[in-house]
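Here are my notes on the model you sent over.

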Amino acid sequence: MAYRILSPEIKGVREEIADLVPPERRTAQDRARWSPHLTIQNKVSPQKARELLEQLSQGYEPVKTHGAALRLWRYLGGPWELLVRTPFTPRSHS
């Protein structure tokens, strides 16, 4: 269960980061179609997922929000290690 994130800005950030990784170092997941989302529920039965979807769909309205920072993690075969947290700064539009 997840909410899709529709944001040209976040797509641009991802593309900039991806361009820093040489093509031969990219994983199959890196090369796959990117679909930004916010995971609400993971690793549950299809029935539990349907129940939550029905519950959250009642009265749902999209919202505008913003990201505060970008966090870079390294996967350690089970746990994750936080490498860096970089706050987003507003861009001036002239």
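Predicted model: local features only at pLDDT ≥ 70, side-chain atom pairs only at ≥ 80, totals over all residues.

1. A quick definition before anything else: a residue is called buried when its relative accessible area is under 20%, exposed when that area is over 50%, and partly exposed in between.

2. The mean pLDDT of the protein is 89, and 96% of its residues reach 70 or more. Looking at confidence across the protein, the lowest is in strand β1 (residues 2-4), with a mean of 88. The highest is in strand β4 (residues 80-87), at 95.

3. Now the layout. The protein has three helices and four strands. Reading from the N terminus, the order of elements is β-α-α-β-α-β-β. Of the contacts between residues at least 6 apart in sequence, 40% join residues at least 24 apart.

4. What about the overall dimensions? The radius of gyration is 17 Å, whereas a compact globule of 94 residues would have one near 12 Å. Along the principal axes, the C-alpha atoms fill a box of roughly 45 × 40 × 25 Å. Buried residues make up 3% of the 94 residues. The protein exposes about 9,000 Å², and carbon and sulfur atoms supply 55% of that area.

5. Back to Gln41, which sits in the loop between β2 and α3. Which residues does Gln41 contact, once neighbours within four places in sequence are left aside? They are Met1, Lys48, Ala49 and Leu52. For Leu52, there is a C-alpha distance as well: Gln41 and Leu52 are eleven residues apart along the chain, and their C-alpha atoms are separated by 8.4 Å.

6. Lys43 is worth a look for its backbone. Lys43 lies in the loop between β2 (37-39) and α3 (46-57). Its phi is positive, about 60°, although Lys43 is not a glycine. As background, most residues other than glycine have a negative phi. Is Lys43 buried or exposed? With a relative accessibility of 79%, Lys43 counts as exposed.

7. Ile10 has a relative accessible area of 34%, so it is partly exposed. Ile10 also gives a handy distance check: Ile10 and His66 are 56 residues apart in sequence, and their C-alpha atoms are 10 Å apart in space.

8. On charge pairing: how many salt bridges does the structure hold? The structure holds one. In this salt bridge the side chains of Glu81 and Arg74 meet, with 2.7 Å from N to O. In general, side chains of opposite charge can pair when their charged atoms come close. Both partners are partly exposed: Glu81 has a relative accessible area of 30%, and Arg74 has 42%.

9. A bit more on Arg74, which is in strand β3 (residues 69-75). Not counting residues up to four places away in sequence, Arg74 touches Pro79, Trp80, Glu81 and Leu83. Glu81, one of these contacts, is the salt-bridge partner from the previous point. As for a residue elsewhere in the chain, Arg74 and Pro23 are 51 residues apart in sequence and 19 Å apart in space, C-alpha to C-alpha.

   - Lys43, with its positive phi of about 60°.
   - Arg74 and Glu81, whose side chains form the salt bridge.

Note on methods
Residues numbered from 1 in each chain as written. Heavy atoms only, no water. pLDDT = per-residue confidence, 0-100. Helix = DSSP H or I, 4+ residues; strand = E, 2+ residues; numbered from the N terminus. Buried < 20%, exposed > 50% of the residue type's maximum accessible area, 1.4 Å probe, protein only. Rg over C-alpha atoms; globule rule 2.2 N^0.38 Å. Contact = heavy atoms within 4.5 Å. Areas by Shrake-Rupley, 256 points an atom, 1.4 Å probe, with all protein chains shown as cover. Salt bridge = Lys/Arg side-chain N within 4 Å of Asp/Glu carboxyl O.
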